[in-house]
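Please look over the sequence and the model shown below before reading on.

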Amino acid sequence: MKPRMFSRVAMAENRQAWPFLVLGGVFAAYAMLALLWLMSGTAHAAEKPRVVAIDGSISEIVYALGRGDWMVGRDITTTYPEDAAKLPSVGYMRQLSAEGILSLKPTLVLATKDAKPQNVLTRLQDAGVHVEIIENVYTPDGVEAKIKQIAKVLDAQAAGDKLVEQVRQSVNQAKVFAENAIQQQGKSAKAIFVLNVRGGNMMVAGKHSRADKMMQLAGIENPAAEQFNGYKPLTAEAAIQYNPDYLLTMQHGVGSAGGKEAILNTPAIRMTQAGKNGRLLVMDDSFLTFGPRLGEAIESLVKQVYVAN
């Protein structure tokens with residue numbers, strides 16, 4: 001009889017425990033659903049934005065902010081850093097194609113107002129791509145503002161503040177370096193910047209151009225800035241009038257002219273101090289990027305004009 005009594009007791013205990021077992025199972029099920037939901041949300045949040053940068057300075061900033069692994073494409077003005085230059089190209093910023101950009105399946109396109117044509121940007125937006133237009137002012141303050149805007153879009157404000165401070169210090173050091181170099185020389189050098197040579201016409205930089213802004217920062221006088229805005233062909237009369245000590249250009253400018261000698265042997269240039277002394281300085285193609293390396297670009301130009309020569 002004792003075993004039977006035990007069985008009844010056990011059965012009674014099981015009946016009492018049954019509701020708790022059911023309730024525990026319900027809680028376990030809800031806990032599992034909640035875990036799956038959280039995992040799904042985490043996985044979704046972990047998906048990186050797919051960024052296409054249309055402007056070399058934007059690409060540099062994205063990488064400097066530690067978001068380089070978000071980039072999936074760039075335009076041909078991106079030559080630095082090396083990892084960015086290896087990404088698929090969407091062409092030149094002023095001749096964009098919606099199909100080329102969309103083929104990279106971007107979720108975010110960062111571009112400046114230089115990006116053209118406008119209808120391509122509109123098509124990207126219609127396709128659901130977030131297009132962010134970044135202000136691009138060619139001054140140290142403009143570079144800082146550009147960094148802050150991009151940092152905000154990429155949720156990297158702390159890194160942005162740090163980068164702004166680094167750029168500010170670098171530019172200030174470069175300005176002091178330029179002032180000291182000019183004092184040692186006794187006067188400012190004169191130079192004209194050659195953008196390219198096409199059809200025998202030498203396009204040079206006037207006021208409100210990137211090149212003019214860079215020369216100002218390096219303490220170099222640009223006589224063409226007193227005559228016109230933007231870029232215009234250099235006439236023989238103007239070349240003799242300007243009589244620059246140096247000619248400045250970039251690698252692609254030399255290529256468009258057919259080599260350094262082709263520029264220096266231009267009849268009008270041969271009449272100038274720059275031509276007579278063979279002073280043609282060829283800068284890197286990222287020279288006028290106006291990005292995080294602005295201070296380095298200023299110092300490099302100062303060294304070539306005031307120190308090396």
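This is a predicted model: local features need pLDDT of at least 70, side-chain atom pairs count only at pLDDT 80 or more; totals for chains, interfaces and linings use all residues.

Another backbone site to look for is K105, a residue other than glycine whose phi is positive, near 55°; K105 is placed in the loop between helix 4 (98-102) and strand 3.

An open sheet is formed by 4 strands in the order 2-1-3-4, and their pairing is parallel. Strand 2 and strand 4 (130-134) stand at the edges with a single partner strand each, so one side of each has no neighbour in the sheet. On average, and with direction ignored, neighbouring strands of this sheet are turned by 20° against each other.

Within the sheet, strand 1 (residues 51-54) pairs with strand 2 in the parallel sense over 3 bridges, and A53 has R74 in strand 2 as its bridge partner. Helix 6 (residues 140-153) lies across strand 3 and strand 4, and it runs at about 165° to strand 4.

The order 7-6-5-8-9 describes an open sheet of 5 strands, in which the pairing is mixed. Its edges are taken by strand 7 (231-233) and strand 9 (280-283), and because each has a single partner strand, one side of each is left without a neighbour in the sheet. Neighbouring strands here are turned by 35° against each other on average, again with direction ignored.

Strand 5 and strand 8 (residues 246-250) are joined in the parallel sense over 4 bridges, and F193 stands opposite L248 of strand 8. Helix 8 (residues 210-217) packs on this sheet, where it touches strand 5, strand 6 (201-205), strand 7 and strand 8, and its direction makes about 155° with that of strand 5. Helix 14 lies across strand 8 and strand 9 and runs at about 160° to strand 9.

## The largest pocket

Which residues lie closest to the centre of the largest pocket? The pocket has a volume of about 830 Å³, and of the 27 residues that line it, T77, Y92, L195, M250 and H252 are the closest to its centre. Strand 5 gives the most to this lining, with 4 residues, while helix 2 (56-64), strand 5 (191-198) and helix 10 (251-257) each supply at least two.

Domain 1 (51-136) and domain 2 (186-307) each contribute at least three residues to the lining of the largest pocket. Sorted by class, this lining holds 9 nonpolar, 12 polar and 6 charged residues.

## The second largest pocket

The second largest pocket holds about 190 Å³ of space. Its lining is made of 15 residues, and S286, F287, R293, E296 and A297 lie nearest its centre. Helix 14 (residues 294-307) provides the largest share of this lining, 4 residues, and by class the lining has 7 nonpolar, 4 polar and 4 charged residues.

Notes:
Residues are numbered from 1 along each chain as its sequence is written. Side-chain values use heavy atoms; hydrogens and water are left out. On a 1 Å grid over the protein atoms alone, a cavity is a set of points where a 1.4 Å probe fits but cannot get out, and a pocket is an open set with protein on both sides within 12 Å along at least five of seven lines; lining residues have an atom within 4 Å of a point. Grid points are joined across faces, edges and corners, and a volume is the space filled by probe spheres set on the points. Ala, Val, Leu, Ile, Met, Phe, Trp, Tyr, Cys and Pro count as nonpolar, Asp, Glu, Lys and Arg as charged, and the others, Gly among them, as polar. Domain bounds come from an automatic or database domain assignment. Two strands pair if DSSP finds at least two bridges between them. Axes are lines fitted to C-alpha atoms, for helices over the stretch in contact, and angles run from 0 to 180 degrees between N-to-C directions. Contact means heavy atoms within 4.5 Å.
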